[in-house]
Amino acid sequence: MGKIVVPFGSQHVALPEPISFLFDTENEIITKVEAHIGYVHRGIEKAAITRFEYTQLPYLTARVCGLCSITHAGAVVHGIEKLMDIEVNKRIDYLRMLVVELDRIHSHMLANGHVAEVVGYENLFMQTFRAREDVMDVLERITGNRVQYDYQTIGGVARDIDLETAEFAKKKLKKLKDNVLKVMEFHDSDYTFGLKTKGVGVISKEMAAKYNTAGPIARASGLETDVRAEFDYLPFEEVGYKMQLRHEGDVWARNMVRFDEVLNSIEMCENILDNLPEGEHQVKVKGRPKGETVVRVEAPRGECFYYLKASGKKVMDRVRIRVPTYANIPILKELFLGAKYSDAQAIVLSFDPCMSCTAR
């Protein structure tokens, strides 16, 4: 049988965001791959140095990505605070960690739900998204929004939480933990689900290191990398952070690492709520940012890198963003080579790609 060229995207039922792959296939086996990104370029970096003042950057950068908006806003807030020599109190750090980890939970649940959907498990997809609603309720209660939180601000957070909100969050998180354990048991025990995810899209630890993969993609292959462990931008280890690793490196392992991280994030959130320090949720801010700095934070998909440069003006001189999906695309292309075309959907969704971040 001759070569057949098959387009996958930019609009495809399995793709939550637009990316285009062009596959050369022979007998259903992929022999060549072309990838095209940039369908949703919005000029956010340019807007950050032309149309928005530095005080507005948390709002702007939160629009880089809907799912990890708190991470992008947090990165630019940390950077501006470094440039302005602002020190926040422990309560602010804990409130920021709380919302960052809640955001990680809902992002991971969404990613794993999508993988279940594309391998044919519609009911598992629905169960995963139903469980995810509990963390969405907590985020809405704390921040006022389900997606675009606009919670981190220069010098603090937008809203404090009271005892009633803390108790509400703990009840929801307990319920979520029980449901996550049930879904994980299915991933572990279902034979047919294993056929569709185990041994598919395998990344060895050596490959992960060679391609400099980020986030759960790297940790599912046993590569120990996590910005939360490598940099002290927030005191994660105080509240029970533990790096989660798997070693199989396949679609199944990437799902399971995310579930492991969900459970660890739930534990961290409970510890934060039980040990929230006293203090104000905002500190006084004066002056303007000056100098240059880099900030590295752990987004749900991996390391998110920000470069900021300012010269004491209202508008920044430069804002540069490198997101984790951009770092993971090269190895994704490599994985497709030699794979069955029928496995392409599970492979790409197991990467939890965010083209909104990548194109910006």
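Cys-304 is buried in this predicted model, with a relative accessible area of 0%, where buried denotes under 20% relative accessible area, exposed over 50%, and partly exposed the range in between (1.4 Å probe, protein chains only). Because the model is predicted, local features need pLDDT of at least 70 and side-chain atom pairs count only at pLDDT 80 or more, whereas totals for chains, interfaces and linings use all residues. Residues are numbered from 1 along each chain as its sequence is written, and side-chain values use heavy atoms, with hydrogens and water left out.

Two further cysteines, Cys-68 and Cys-357, are listed by UniProt under "binding site" in an unreviewed entry; such positions are given in the numbering used here, feature names are shortened, and annotations may be inferred rather than shown by experiment. Although these residues span 290 residues in sequence, no two of their C-alpha atoms are more than 9.0 Å apart, so they gather at one spot. Cys-68 is found in the loop between α2 (57-61) and α3 (69-83), while Cys-357 lies in helix α14 (residues 355-359); helices (H or I, at least four residues) and strands (E, at least two) are DSSP runs, numbered from the N terminus. Cys-68 is buried at a relative accessible area of 2%, and Cys-357 is buried at 3%.

With contact taken as heavy atoms within 4.5 Å, and residues up to four places away in sequence not counted, Cys-68 touches Asp-103, Pro-300, Arg-301 and Cys-357. Under that exclusion of residues up to four places away, Cys-357 touches Val-64, Cys-65, Cys-68, His-72 and Val-323. The structure holds 0 disulfides, a disulfide being a pair of cysteine sulfur atoms within 2.5 Å. Cys-68 is accordingly in no disulfide, and the nearest cysteine sulfur, that of Cys-65, is 3.3 Å away.

A search of the whole structure finds 9 aromatic pairs, defined for rings of Phe, Tyr and Trp (its six-membered ring) whose centres lie within 6.5 Å, with planes under 30 degrees apart counted as stacked, over 60 as edge-to-face and the rest as tilted. The rings of Tyr-121 and Phe-193 have centres 5.4 Å apart and planes at 85 degrees, so this pair is edge-to-face. The pair links distant parts of the chain, 72 residues apart, with Tyr-121 in the loop between α4 (90-118) and α5 (122-143) and Phe-193 in helix α7 (residues 191-197). Tyr-121 is buried at 17% relative accessible area, and Phe-193 is buried at 0%.
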